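Please open the structure in your viewer and keep the selection tool at hand.

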Amino acid sequence: LDGFGHAALVAMLRGGAMCVPRSLPVLRFICDSGVPGPMLRWDVGHHAAALDLDATESRAEGQDPTLQVEWVLPSTPGLQSDSPSSASASSASLGSRSPSWTPWSARPDPGDFNRVVLYLHGGAYLLCTPGSLRGITYNIAATLDAAVCVPEYRRPPEHPIPAPMEDAIAVYRHLLKTMPGVEIILAG
């Protein structure tokens, strides 16, 4: 870049940095917004659940022994078919939808899967929620044909560090205890 182009680029970057919100509530308003339903895959769904943690998994003395999680599940565990014959049948009858689609009235259970992805979402434990990351978690669930567990852990400053990490470990221990023999994959 020549001198003028460099100065213009630096001015643009500085101007952009001045537009970044410096307020946690504003950042959370932006980052915690859920992904709109029409933008999500049709062959994956989600539902909220509360994990009941026993005394060995409990977060802290006097804390609520339940932890909210979001389960993201493909429509049919282990039954995804990518064969050309099923693709042509689906395009004739359902447009681009697969014939393995199951209505959520008959949604699968997380225990039906051989793999569980424990997705510890980013944002330095400060930003983002399971709903704001569905664009990612839906694709992980469909690609790996796995149940994806996304904890709604406590966040600072309302709950100081190490509360979010304790919640993540508690969910991992809960999965080990309640889903023996299932492959647990850590992602995030």
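Select R134 and E70: the two residues form a salt bridge, with their closest N and O atoms 2.6 Å apart. R134 belongs to helix α4 (residues 134-144) and E70 to strand β2, so this pair ties together parts that are 64 residues apart in sequence. Buried or exposed: which word describes E70? E70 is buried, at a relative accessible area of 8%, and R134 is buried as well, at 16%. Please bear in mind throughout that the model is predicted.

**Second stop: the sheet**

Now display the strands. Five of them make up an open sheet in the order β1-β2-β4-β3-β5, and the pairing is mixed. Which strands stand at the edges? They are β1 (44-52) and β5 (183-187); each has a single partner strand, so one side of each is left without a neighbour in the sheet. From one strand to the next, the twist averages 25°.

Select β3 together with β4 (residues 147-151). These strands pair in the parallel sense, over three bridges. Within this pairing, L118 stands opposite C149 of β4.

In soluble globular proteins, nonpolar side chains tend to be buried together. The largest nonpolar core here has 20 residues; select V69, W71, V116, C149, V171 and L175, which touch the most other members. At least two residues of this core come from each of β1, β2, β3, β4 and α5. A second, separate core has 16 residues, among them V44, V117, A141 and A146.

Centre the view on L175. Which residues does L175 contact, leaving aside its neighbours within four places in sequence? They are W71, V116, L118 and I184.

Begin here with R154, which is placed in the loop between β4 and α5. R154 is buried, with a relative accessible area of 9%. Its side chain reaches the backbone oxygen of A163 at 3.4 Å, and a polar contact of 2.9 Å joins it to the side chain of D167.

Select R155 and D32, whose side chains meet in a salt bridge of 2.9 Å, N to O. R155 lies in the loop between β4 and α5, whereas D32 lies in the loop between α2 and β1, so the pair ties together parts that are 123 residues apart in sequence. R155 counts as buried at 13% relative accessibility, and D32 is buried at 19%.

Move to E158 and R28, which form a salt bridge with their closest N and O atoms 2.9 Å apart. E158 is in the loop between β4 and α5 and R28 is in helix α2 (residues 24-31), so this pair ties together parts that are 130 residues apart in sequence. E158 counts as partly exposed at 49% relative accessibility, while R28 counts as buried at 12%. The count of salt bridges comes to six.

Two peptide bonds also deserve a selection. The bond from P156 to P157 is cis, with omega near 5°, and P157 is placed in the loop between β4 and α5. Another cis peptide bond joins I161 and P162, with omega about 20°; P162 lies in the loop between β4 and α5.

**Last stop: three further loop residues**

Select C128, in the loop between β3 and α4. C128 has a positive phi of about 80° although it is not a glycine, and it counts as buried at 16% relative accessibility.

Then select D145, found in the loop between α4 and β4. D145 has a positive phi of about 50°, although it is not a glycine. Its relative accessible area is 18%, and D145 is therefore buried, the limit being under 20%.

Finally, select P108, in the loop between α3 (84-94) and β3 (115-119). P108 is buried, with a relative accessible area of 8%.

Definitions and conventions: Residues are numbered from 1 along each chain as its sequence is written. This is a predicted model: local features need pLDDT of at least 70, side-chain atom pairs count only at pLDDT 80 or more; totals for chains, interfaces and linings use all residues. Side-chain values use heavy atoms; hydrogens and water are left out. Helices (H or I, at least four residues) and strands (E, at least two) are DSSP runs, numbered from the N terminus. Buried means under 20% relative accessible area, exposed over 50%, partly exposed in between (1.4 Å probe, protein chains only). Two strands pair if DSSP finds at least two bridges between them. Axes are lines fitted to C-alpha atoms, for helices over the stretch in contact, and angles run from 0 to 180 degrees between N-to-C directions. A polar contact is a pair of N or O atoms within 3.5 Å; within protein, one must be able to donate a hydrogen and the other to accept it, and residues adjacent in sequence count only if both atoms are side-chain atoms. A nonpolar core is a set of buried Ala, Val, Leu, Ile, Met, Phe, Trp, Tyr and Cys residues joined through side-chain atoms within 4.5 Å. Contact means heavy atoms within 4.5 Å. A salt bridge is a side-chain nitrogen of Lys or Arg within 4 Å of a carboxyl oxygen of Asp or Glu.
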